[in-house]
Amino acid sequence: MSQQPAGLNLIAADARGLPRAPDEAGMLVKARARFRGRSLDRALSNGVDPASSGLLTRRAAWLTSTKNRHILARSITRLLDPPSGRRPGPSAAAPPHRGELAGARMLLARVGALLEIDEPVYARGVARLQLLLTDGDSALYAPHRTGELLGEVEGILDALEGREETW
(Lines give C-alpha, C1' and ligand atoms only; values in the text may rest on other atoms or scores of the structure.)
Protein backbone atom coordinates (compact mmCIF):
# COMPACT_ATOMS: atom_id res chain seq x y z
CA MET A 1 0.00 0.00 0.00
CA SER A 2 1.44 3.41 -0.91
CA GLN A 3 1.79 6.37 1.41
CA GLN A 4 -0.87 9.06 1.13
CA PRO A 5 0.27 12.47 -0.04
CA ALA A 6 0.67 15.12 2.61
CA GLY A 7 -0.84 18.56 2.96
CA LEU A 8 -4.25 19.56 1.77
CA ASN A 9 -4.38 16.33 -0.19
CA LEU A 10 -4.62 14.29 3.01
CA ILE A 11 -7.96 12.59 2.58
CA ALA A 12 -7.31 9.58 4.77
CA ALA A 13 -10.03 6.99 4.95
CA ASP A 14 -8.26 5.53 7.96
CA ALA A 15 -4.87 5.48 9.60
CA ARG A 16 -3.40 2.80 7.32
CA GLY A 17 -1.66 5.39 5.14
CA LEU A 18 0.13 6.99 8.07
CA PRO A 19 3.79 6.24 8.71
CA ARG A 20 4.25 3.80 11.57
CA ALA A 21 5.66 5.31 14.74
CA PRO A 22 7.10 3.33 17.63
CA ASP A 23 4.20 1.93 19.65
CA GLU A 24 4.70 4.03 22.79
CA ALA A 25 5.24 7.28 20.89
CA GLY A 26 2.36 6.46 18.57
CA MET A 27 0.01 5.88 21.49
CA LEU A 28 1.06 9.18 23.06
CA VAL A 29 0.38 11.10 19.84
CA LYS A 30 -2.99 9.35 19.47
CA ALA A 31 -3.98 10.21 23.05
CA ARG A 32 -2.87 13.84 22.70
CA ALA A 33 -4.77 14.16 19.41
CA ARG A 34 -7.95 12.91 21.11
CA PHE A 35 -7.46 15.10 24.19
CA ARG A 36 -6.88 18.24 22.08
CA GLY A 37 -9.58 17.32 19.55
CA ARG A 38 -11.56 20.57 19.54
CA SER A 39 -8.53 22.83 19.08
CA LEU A 40 -7.15 20.54 16.37
CA ASP A 41 -10.55 20.50 14.67
CA ARG A 42 -10.57 24.29 14.66
CA ALA A 43 -7.11 24.38 13.11
CA LEU A 44 -8.06 21.87 10.42
CA SER A 45 -11.35 23.65 9.69
CA ASN A 46 -9.39 26.89 9.21
CA GLY A 47 -7.21 25.25 6.58
CA VAL A 48 -4.07 24.38 8.54
CA ASP A 49 -2.14 21.69 6.66
CA PRO A 50 -2.77 18.29 8.33
CA ALA A 51 0.82 17.27 7.56
CA SER A 52 2.23 20.22 9.50
CA SER A 53 2.30 18.24 12.75
CA GLY A 54 1.92 14.69 13.97
CA LEU A 55 -1.08 15.70 16.07
CA LEU A 56 -2.91 17.24 13.12
CA THR A 57 -2.08 14.23 10.95
CA ARG A 58 -3.44 11.84 13.58
CA ARG A 59 -6.57 13.95 14.15
CA ALA A 60 -7.23 14.17 10.41
CA ALA A 61 -6.92 10.39 10.17
CA TRP A 62 -9.41 9.92 13.01
CA LEU A 63 -11.88 12.46 11.59
CA THR A 64 -11.88 10.79 8.18
CA SER A 65 -11.94 7.22 9.53
CA THR A 66 -14.83 4.99 8.55
CA LYS A 67 -15.91 4.72 12.19
CA ASN A 68 -16.09 8.48 12.76
CA ARG A 69 -17.75 9.09 9.40
CA HIS A 70 -20.53 6.64 10.35
CA ILE A 71 -20.91 8.29 13.77
CA LEU A 72 -21.33 11.71 12.13
CA ALA A 73 -23.73 10.33 9.51
CA ARG A 74 -25.90 8.82 12.29
CA SER A 75 -25.84 12.16 14.11
CA ILE A 76 -27.14 13.88 10.98
CA THR A 77 -29.86 11.22 10.58
CA ARG A 78 -31.00 11.73 14.20
CA LEU A 79 -30.95 15.48 13.66
CA LEU A 80 -33.11 15.29 10.53
CA ASP A 81 -35.40 12.46 11.72
CA PRO A 82 -35.65 12.55 15.50
CA PRO A 83 -37.34 9.56 17.14
CA SER A 84 -41.10 10.08 17.25
CA GLY A 85 -43.51 9.21 20.00
CA ARG A 86 -41.10 10.09 22.79
CA ARG A 87 -41.04 13.34 24.64
CA PRO A 88 -37.51 14.47 25.25
CA GLY A 89 -36.59 14.62 28.90
CA PRO A 90 -34.45 17.26 30.52
CA SER A 91 -31.17 17.66 28.72
CA ALA A 92 -28.14 19.91 28.71
CA ALA A 93 -27.96 19.59 24.93
CA ALA A 94 -28.91 22.70 22.99
CA PRO A 95 -31.80 22.05 20.60
CA PRO A 96 -31.12 22.80 16.93
CA HIS A 97 -32.67 25.91 15.42
CA ARG A 98 -35.67 24.35 13.66
CA GLY A 99 -36.16 27.13 11.10
CA GLU A 100 -32.54 26.99 9.97
CA LEU A 101 -32.58 23.19 10.01
CA ALA A 102 -35.57 23.09 7.68
CA GLY A 103 -33.74 25.27 5.15
CA ALA A 104 -30.61 23.12 5.18
CA ARG A 105 -32.32 19.70 5.36
CA MET A 106 -31.53 18.56 1.81
CA LEU A 107 -27.86 19.56 1.94
CA LEU A 108 -27.39 17.98 5.36
CA ALA A 109 -28.86 14.75 3.96
CA ARG A 110 -26.30 14.93 1.13
CA VAL A 111 -23.48 15.39 3.65
CA GLY A 112 -24.72 12.37 5.60
CA ALA A 113 -24.92 10.25 2.44
CA LEU A 114 -21.41 11.30 1.40
CA LEU A 115 -20.05 10.21 4.78
CA GLU A 116 -21.70 6.80 4.46
CA ILE A 117 -20.17 5.87 1.12
CA ASP A 118 -16.60 4.67 0.73
CA GLU A 119 -15.32 7.69 -1.18
CA PRO A 120 -12.45 9.69 0.33
CA VAL A 121 -13.26 13.03 1.90
CA TYR A 122 -11.08 15.91 3.03
CA ALA A 123 -10.31 16.32 6.71
CA ARG A 124 -11.11 20.05 6.59
CA GLY A 125 -14.74 19.32 5.73
CA VAL A 126 -15.12 16.67 8.43
CA ALA A 127 -13.57 19.03 11.01
CA ARG A 128 -16.02 21.75 10.02
CA LEU A 129 -18.93 19.31 10.35
CA GLN A 130 -17.67 18.07 13.72
CA LEU A 131 -17.60 21.64 15.01
CA LEU A 132 -21.03 22.43 13.54
CA LEU A 133 -22.57 19.46 15.34
CA THR A 134 -20.80 19.89 18.69
CA ASP A 135 -20.40 23.64 19.20
CA GLY A 136 -23.45 25.15 20.89
CA ASP A 137 -22.65 28.51 19.30
CA SER A 138 -22.58 27.12 15.74
CA ALA A 139 -25.05 28.04 13.01
CA LEU A 140 -26.97 24.83 13.78
CA TYR A 141 -27.90 25.94 17.29
CA ALA A 142 -27.44 29.71 17.40
CA PRO A 143 -27.49 31.28 13.94
CA HIS A 144 -26.73 34.99 13.91
CA ARG A 145 -28.63 35.63 10.68
CA THR A 146 -31.17 33.86 8.48
CA GLY A 147 -29.68 31.35 6.07
CA GLU A 148 -26.42 31.03 8.01
CA LEU A 149 -26.79 27.25 8.48
CA LEU A 150 -27.46 26.68 4.79
CA GLY A 151 -24.31 28.61 3.87
CA GLU A 152 -22.25 26.71 6.43
CA VAL A 153 -23.49 23.32 5.18
CA GLU A 154 -22.73 24.35 1.57
CA GLY A 155 -19.19 25.22 2.71
CA ILE A 156 -18.87 21.89 4.52
CA LEU A 157 -19.97 19.97 1.44
CA ASP A 158 -17.46 21.87 -0.70
CA ALA A 159 -14.70 21.22 1.86
CA LEU A 160 -15.55 17.50 2.10
CA GLU A 161 -15.18 17.19 -1.66
CA GLY A 162 -12.15 19.49 -1.92
CA ARG A 163 -13.94 22.14 -3.98
CA GLU A 164 -13.13 25.17 -1.88
CA GLU A 165 -10.59 27.85 -2.48
CA THR A 166 -7.78 27.65 0.02
CA TRP A 167 -6.10 31.00 -0.51
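In α4, I find N68, R69, L72, A73, I76, L79 and L80 buried. They span an arc of only 135 degrees around the axis, which means they sit on the same side of α4. I am working from a predicted model.

I recall the general rule: an α-helix has 3.6 residues a turn, so residues three or four places apart point the same way.

I looked at the other face next. Turned away from the buried side of α4, it carries the exposed residues K67 and R78.

What covers the buried residues of α4? I list α3 (54-63), α5 (98-116) and α6 (123-134) among the elements that do.

Residues 66-80 make 15 residues, and the helix reaches 21 Å from first C-alpha to last. That is close to the 21 Å expected at 1.5 Å a residue.

I moved on to α6 and its pairing with α7 (residues 148-160). Their axes come within 7 Å and cross at roughly 150 degrees. That angle is over 145, so α6 counts as roughly antiparallel to α7. The crossing of α6 past α7 is left-handed.

I noted the residues that meet. From α6 they are R124, G125, V126, R128, L129 and L132. From α7 they are L149, E152, V153, G155, I156, A159 and L160.

Is R128 buried or exposed? R128 lies in α6. I count R128 as buried because its relative accessibility is 17%, under the 20% cut-off. Beyond its neighbours within four places in sequence, R128 contacts S45, E152, G155, I156, A159 and E164.

Key. Residues are numbered from 1 along each chain as its sequence is written. This is a predicted model: local features need pLDDT of at least 70, side-chain atom pairs count only at pLDDT 80 or more; totals for chains, interfaces and linings use all residues. Side-chain values use heavy atoms; hydrogens and water are left out. Helices (H or I, at least four residues) and strands (E, at least two) are DSSP runs, numbered from the N terminus. The expected span of a helix is 1.5 Å times one less than its number of residues. Buried means under 20% relative accessible area, exposed over 50%, partly exposed in between (1.4 Å probe, protein chains only). The arc is that of the directions from the helix axis to the C-beta atoms. Contact means heavy atoms within 4.5 Å. Axes are lines fitted to C-alpha atoms, for helices over the stretch in contact, and angles run from 0 to 180 degrees between N-to-C directions. Angles under 35 degrees count as roughly parallel, over 145 as roughly antiparallel, 65 to 115 as roughly perpendicular and the rest as oblique. A crossing is left-handed if the near helix is turned anticlockwise from the far one by less than a right angle, and right-handed if clockwise.
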